[in-house]
Every structure is written in structure tokens, then in C-alpha cells.
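Subject: Structure for you to look over

Hello,

Here is the structure I promised. Please open it alongside the notes that follow.

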Number of protein chains: 2
Amino acid sequence: MTEAKQTSGGGSLLIAWQLSNKRVLIVGGGEVASQRIESILVTGATILLVSPAEGIGSRTKELVSKYKESGKIVHIRRKFSETEDLENMDMVLTALDDNELSEKIVHMCRERRIPVNAADIPHLCDFYFGAQIRDGPLQIMISTNGNGPRMAALIRTRLQKGLTGLEGRAIEKVGLLRERLKERAPGVGGIEGRQRMKWMKELCDIWEMEDLAMLEEPTMEFLLNEGWSKDRKVLSPMETMPILRTKKQTVIRHVVTEGGQSTITAFILGAVCAGLFFTYRGR
Amino acid sequence: MTEAKQTSGGGSLLIAWQLSNKRVLIVGGGEVASQRIESILVTGATILLVSPAEGIGSRTKELVSKYKESGKIVHIRRKFSETEDLENMDMVLTALDDNELSEKIVHMCRERRIPVNAADIPHLCDFYFGAQIRDGPLQIMISTNGNGPRMAALIRTRLQKGLTGLEGRAIEKVGLLRERLKERAPGVGGIEGRQRMKWMKELCDIWEMEDLAMLEEPTMEFLLNEGWSKDRKVLSPMETMPILRTKKQTVIRHVVTEGGQSTITAFILGAVCAGLFFTYRGR
């Protein structure tokens, strides 16, 4: 993980960089390189991996053999070559033990205005990586601005406990519903655009994450026909009940209420203690 | 908030972009521009804001008058001028109603290889913004990959509930301790570097976030003198107790245990219910 020393006032601009159909050069093949490869693969970019065979770690090897046929990763078994490797690159990541070579690559990227990250040399980086959580379309990044990658990992664990695991699915469903709505109200901007945004916002406010996660095609149709198309109304989950599949709801409710178990246990424990007290006093 | 339609498999590369001492051009002065200004201000970049006076919203106006003296924001009261505004820029953000002008600016940025975001025109963006949490050096970004900014906001609220509010302080303290440790063991890489990383990792594992947040200078010295310098040992919070300030700990413990109140309430409620039951039965 790349680290940096910064003043406490200094922050980063956290952004979601788009790499679909772009080309990323990764120089080096060890443990860090494999982490970089995994981060890049989810973006839809093509990876050019430059590293001598002896520099390839086990995880990198696995990833290369898994993705080489699809053309997602092209592995060139040699050291970095300045004349050809930077050509048409949209991003460059170095994962090298050789700091001198890393520095050289960074300066060449600067000249060509290619965004570059040099692992473990923060002052040479245009951007840093951070701890991440991914659940389908949901991506969360935790940055400590160079004050320790371990802390970022601890906070990731803490944040993960606050998620039910249904958020990714809920986001997917909301995305689908928004697509359906746009088919009915295709206007960009204007009154219809604003009504559409308001309707979506209200729906997300009224519906719980867990209800959104179980939104199926028929319910979406019902919401649009009986809600949106009639007076732009937002129906509650209860109002769509006739078509909800009760079985599914039960399963999800079970997941959701797990967090309440300690409260229930405490209630029972309290009752038992008082019961024992009264039983004892009654003797 | 910039949105984008993407396939469910498509993700972004979430990164912490570095803008300290860089120059960012913001074109437009409305509500979105003010959000952009706030995001950029934390990074230590200088902002060139180009917008006619009539396009400036109230929040933007506030920010301009607050930061113009320090030179952090320079406001040029006119429309975008292609001949001069892009010169020496490290990043460009458009926040315009005029999509045609936005598109023109984006293409000019592409030619110059300047990273660019055009608000509300996702297919033209090199990167997107997302919902954010900030607590000192801690920055968290939530991206739904274009499946609805409202969902990102809901997840932000959910994540915020999982944080105690002490994380930022804990990260600062760990950063400081790491600096102190580096003064004693300045080697990059090698055995000492690895020992240092191991020691910091262990400390973060053994110490609770809340203990880390209350780490003061004398405790750090104690940890380094009695722990690191003697056999690279990691002392527990208990082992540093002689010099801990008990009062502070009490305050923090109070904050931390707030989450347990519902459990305590449930216990009492359980006891009261059972009490009533026995009282009633006893009649």
C-alpha cells in the first residue's frame, strides 16, 4: 500500500477513475503488482504487464493465466523498455523494488502526462490507493492520507460490520428501476427530469435498503404503473404487498433482524434474573 | 453528483488524487461548482474559478470571499476563454448548464491530457465524484458506479453510524507515533523497515481504536522506550497504564459504550416486565 506523510490539514481528492476500454501498464510482478492487477481488472481496462519471468509472484501468475486468453492481461517477459512500453498508455503503475527505475518511469510519465503511481514512493505518485470494500456496483474506499494502511484496514473491518451485505443488490435494483423509469420519462433536465429525480429520491427514502434489495421485475412494473404513471406517487413496500413474494421477504427479514438479537437476549436475561429474584424472595 | 450508466460488472478505480500545490480550473459558479470548490480546498490546490458574476450562487460567493485573500481561489468574472484558461492546469471541472460548452472544454482537455470531469455528462468524464465522509486525515468515498447518488447518500449515513467519531483522531495519533518511530529507526526497507512495519501493525491490532485516539506524547515515548527500544515489544494499553490519564479514558469510554445502551435498556425492561408478572401473580 502506498503511504504518504502529510500535514493534518492536507487531504486528497477521492475520485472514481474510469478505465473502461483503456490501457494500463503495470511494471513489476510481485505481491503489490497482483493487488494492482485485481484493482484494474474490475474497471474493464486492458493490462500490459511488464516483468521478467523470475519477478512473477504466485498470485500474479494465477491472474495472468486466468486472463491472458481473453486479452485482458498481456504479459511481456522482460524488463521495462522505455521506447515502447509507454506508448498509448492511459495509466502507469510501478510495483518494483528498484526505486531508481520507478523514478525514471515516473518522470517519463510526467513528460507524457500519463497518470502514474509508484508503489512505496508517495512523493512521486499522482494518486494513492486505499483500503476498499466492493459489493457489486457499490465501491467504498478508505484513505488515511498516508497515516498508516493498517488503520485503513481496521476501519474497513469496522465499516463492513455496519453493512448487511444487501446494499450491492439494492443499488443494482434501484439502478434497474431508474432505467425503467427513464424509458417512460426520457427527458433530460426540465420538469419531467426533476419529477423523475424527486420520485427516485422519495422511493429511496421511504423504502428500506432491504426492501430495495428484493425489488423484482413485477414489483417494479407495479410501482411504475400504479405509482409513477398515476400522479407521480411513491408507493410504500406495504402498498405493493399483493405482488410481493412473501417467502423471499421472510428470508431477508431474518438477515436484517440478526443485529437485534443481542437486544432480545438482554430482554430475556433481564426477565430471567427478575424471575429468579422473585422466586427466591417468594420462599 | 455525476452519474453514469454502467453494466453491473463494470467498476471504477477508486483513488486518492494528490493536488497539493496544483492548479484546478472550475468553470461555472452554481450549486455544483460550490461542491467542487469544497472538495478541492481540502487538497491544498489553488482554484481558478471562471464564471460571469450573474452565474455565481450564494455558497460559491461565500467561499470566494473567504478564500480570495489567501489566493486559494481566484475568481475571473467572465465566460470561459479557450486561449488562456487551460494554461498550466492540472485538473478541470465543469459545472455548467451549457452542455455544448462543457463538451468543447472536455475535448480541449483531452488534447492537452488534462484530467477532466463534466458535471452531469458522465460519458465525458475521466472520473466521477461520490458521497464522502471526512474526519481529519480519514476520508471515505462511496461510489455506486452511477446507479444512483441517493443510494450513496443512504449508505454514507449507514456507515457513519458504524463510526465512533474517534477514528480521525486515532489515525492522527498513529501517524504521529509512526513519525517518532521513524526517527529512531530511519531505514527504508531492510530488516529495520520490516521490524518497524511489524511493530506498527501489531500495535494497531492490540490497541482499540479508542485507546489509539487518546495516545498522548508521554505514552508514545513510553511505548517507544519500554517497548520498541527493548526487544521490539508492543506494550498493551494496560501496560502503559501508570502514565495514562484516567480522566480522559473515562470520557472516551463513555462515548464508546453509548452503543450498548439499547442492550442495557432491554435488560431493565425485561426485569421490569418479569417483576410486574410476578407481582401480578402474587396477588
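Asn88(B) is exposed, at a relative accessible area of 60%. Exposed means over 50% relative accessible area, buried under 20%, and partly exposed in between (1.4 Å probe, protein chains only). The residue lies in the loop between strand 4 (73–76) and strand 5 (91–94) of chain B. Helices (H or I, at least four residues) and strands (E, at least two) are DSSP runs, numbered from the N terminus. Asn88(B) is not a glycine, yet its phi is positive, about 60 degrees. Most residues other than glycine have a negative phi.

This is a predicted model: local features need pLDDT of at least 70, side-chain atom pairs count only at pLDDT 80 or more, and totals for chains, interfaces and linings use all residues. Residues are numbered from 1 along each chain as its sequence is written, chains are lettered from A and ligands numbered from 1 in the order in which they are written, and side-chain values use heavy atoms, with hydrogens and water left out.

Arg113(A) also has a positive phi, about 55 degrees, and is not a glycine. Look for Arg113(A) in the loop between helix 3 (99–112) and strand 6 (116–118) of chain A. Its relative accessibility is 37%, so Arg113(A) counts as partly exposed.

Now the two copies. Chain B superposes on chain A by a rotation of 180 degrees, with 0.0 Å of shift along the axis and an RMSD of 0.4 Å. The copies are therefore related as by a two-fold rotation axis.

Ile15(B) is worth a look here. It is found in strand 1 (residues 13–17) of chain B. Ile15(B) has 0% relative accessibility and so counts as buried. Neighbours within four places in sequence aside, Ile15(B) is in contact (heavy atoms within 4.5 Å) with residues including Leu13(A), Ile15(A), Phe127(A) and Met141(A). Ile15(B) and Phe127(B) are 112 residues apart in sequence, but 9.9 Å apart C-alpha to C-alpha.

Next, the rings. Rings of Phe, Tyr and Trp (its six-membered ring) pair if their centres lie within 6.5 Å; planes under 30 degrees apart count as stacked, over 60 as edge-to-face and the rest as tilted. The count is seven aromatic pairs over all chains. Trp199(A) and Trp228(A) have ring centres 5.9 Å apart and planes at 75 degrees, so this pair is edge-to-face. Trp199(A) is in helix 6 (residues 190–206) and Trp228(A) in helix 8 (residues 217–228) of chain A, 29 residues apart. Both Trp199(A) and Trp228(A) are buried. Phe127(B) and Phe129(B) also pair edge-to-face, at 5.7 Å centre to centre and 75 degrees between the planes. Phe127(B) is buried at 0% relative accessible area, and Phe129(B) is buried at 7%. Ring pairs link Trp17(A), Phe127(A), Phe129(A), Trp17(B), Phe127(B) and Phe129(B) into a cluster.

Two arginines sit over rings (CZ of Arg, or NZ of Lys, within 6 Å of the ring centre and within 35 degrees of the ring normal). The charged end of Arg232(A) is 4.0 Å from the ring centre of Trp228(A). Arg232(B) lies over the face of Trp228(B), at 3.9 Å from the ring centre.

Best wishes

Definitions and conventions
Copies are superposed by least squares on the C-alpha atoms of residues with pLDDT of at least 70 in both.
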